[in-house]
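Subject: Structure for your review

Dear colleague,

Please find below the structure I am handing over to you. My notes on it follow.

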Amino acid sequence: MVNGEGPVTAEELRRRTIRRADFVSCNQAFIDCRTPGSDRKENYSMIGPGVTQNPNQVVNLREPHGFNIGAAAMPHGVTNNLHLHFTAEVFLCFRGEFLLRWGAGGDEGELVLREGDIASIPTWIFRGFTNIGPDDGWLFTVLGHDDTGGIIWGPSVLREAERHGLFLSADNQLIDTVAGDEVPDPAELVRPMAAGDIAALPSYDADRMRRRVATADDLQWSSRALLGSVLPGGRAELAAVIGFGMSEDRDQEPRVYQPHGHNVAWLRAEPGEGVLLHRHDETQVLMVKDGEWEVTLNRHDEVSVRLGPWDMLSVPSGAWRSIRNVSDSTASLLVVNSGDGRVRLEWDEEVVKAAADAGVGVDHNGYLAPYHLLPRPAGR
């Protein structure tokens, strides 16, 4: 059952599948859309309302997930200007190289994000980034919570935008006087942050920020992160990046553990392997990095979809699901689940029995353990 409403239908599965070809860009999503050096950004919103300041922004799946997913696609040399968020912002570098900088003047520190890197940017600090790689660089973003509160732009960004006829209303709407919008009373406009407020913002040096970045070398992969990993077809590996998530390996630790409103993990598998039938109570989005994956929903009346690079699937809370690499080589995807706590999995009874026969069970704390050491329910 999915929240007591029955199995997922084929129509619902199609609605929740977001193909890369379905992404729709908006080049007027934010107030810096005419600023030289930033005017060629393409902004995307795939899941949730995000932080766009343009009411005409296309969003593929608006329903609440507990987090938002979007993206920025930028040619070489193009910059996303300094701004801050009230909720967590996670950058997922799927292609290219980006120079990340932070601080009110963008001069507190710098780090380079490369393909496969994930960076969690602290709340309440100004951040921006520039594409220093190929023209087709892509950064996906995961923003914490359904209502992110919007953006506070750096003072210089707002002043520069005014020179190009753009203003921001107090309710976070873009006002374009070049397109014919009337400028409201100054009291109704967002004004640059005061120097005293800027001075009170937290400060991060490069070493401290680096601890919030997960490169390939930083990942702690576990081949025993899931109960099904002891069985054929279930031998996926998991690397927890943000939050403890759904790992059932008691020794596995995430790279970043602060509350985000969601958790993020890499999943990889050899051909024919993946995650066997299970379910949990959180919303979930699967984002394919490479290869081809088949996701099957429901315990009975199964429906399936194949996902290629950069395709996404929103899996409803409570839905039974299995995931399998149907490529001819090792493939990887990202798993994003809602919530700040651990995600406790419920495995199909057949998986539980087969794992027990292989000598592995799940203890009362939700971690893998030798089955022969676990207490048996009365009568067994």
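Phe-94 is buried, and so is Phe-140 (buried means under 20% relative accessible area, exposed over 50%, partly exposed in between, with a 1.4 Å probe and protein chains only). This is a predicted model, in which local features need pLDDT of at least 70 and side-chain atom pairs count only at pLDDT 80 or more, while totals for chains, interfaces and linings use all residues. Residues are numbered from 1 along each chain as its sequence is written, and side-chain values use heavy atoms, with hydrogens and water left out.

Aromatic rings. The structure holds 13 aromatic pairs; rings of Phe, Tyr and Trp (its six-membered ring) pair if their centres lie within 6.5 Å, and planes under 30 degrees apart count as stacked, over 60 as edge-to-face and the rest as tilted. Phe-94 and Phe-140 make an edge-to-face pair, at 4.8 Å centre to centre and 65° between the planes. Because Phe-94 belongs to strand β6 (residues 89–95) and Phe-140 to strand β11 (residues 137–144), the pair ties together parts that are 46 residues apart in sequence. Strands (E, at least two residues) and helices (H or I, at least four) are DSSP runs, numbered from the N terminus. The charged end of Arg-20 sits over the ring of Trp-310, 3.8 Å from its centre, and that of Lys-289 over the ring of Phe-94, at 5.9 Å; the criterion is NZ of Lys or CZ of Arg within 6 Å of the ring centre and within 35 degrees of the ring normal.

Nonpolar cores. The largest nonpolar core has 37 residues, and Leu-267, Trp-293, Val-295 and Trp-347 have the most contacts inside it. Such a core is a set of buried Ala, Val, Leu, Ile, Met, Phe, Trp, Tyr and Cys residues joined through side-chain atoms within 4.5 Å. Another core, of 31 residues, lies apart from it and includes Ile-47, Ala-71, Ile-242 and Leu-334.

Strands. Seven strands form an open sheet in the order β1-β23-β20-β25-β18-β17-β16, with antiparallel pairing; two strands pair if DSSP finds at least two bridges between them. β1 (17–18) and β16 (221–222) stand at the edges with a single partner strand each, so one side of each is left without a neighbour in the sheet.

Yours sincerely
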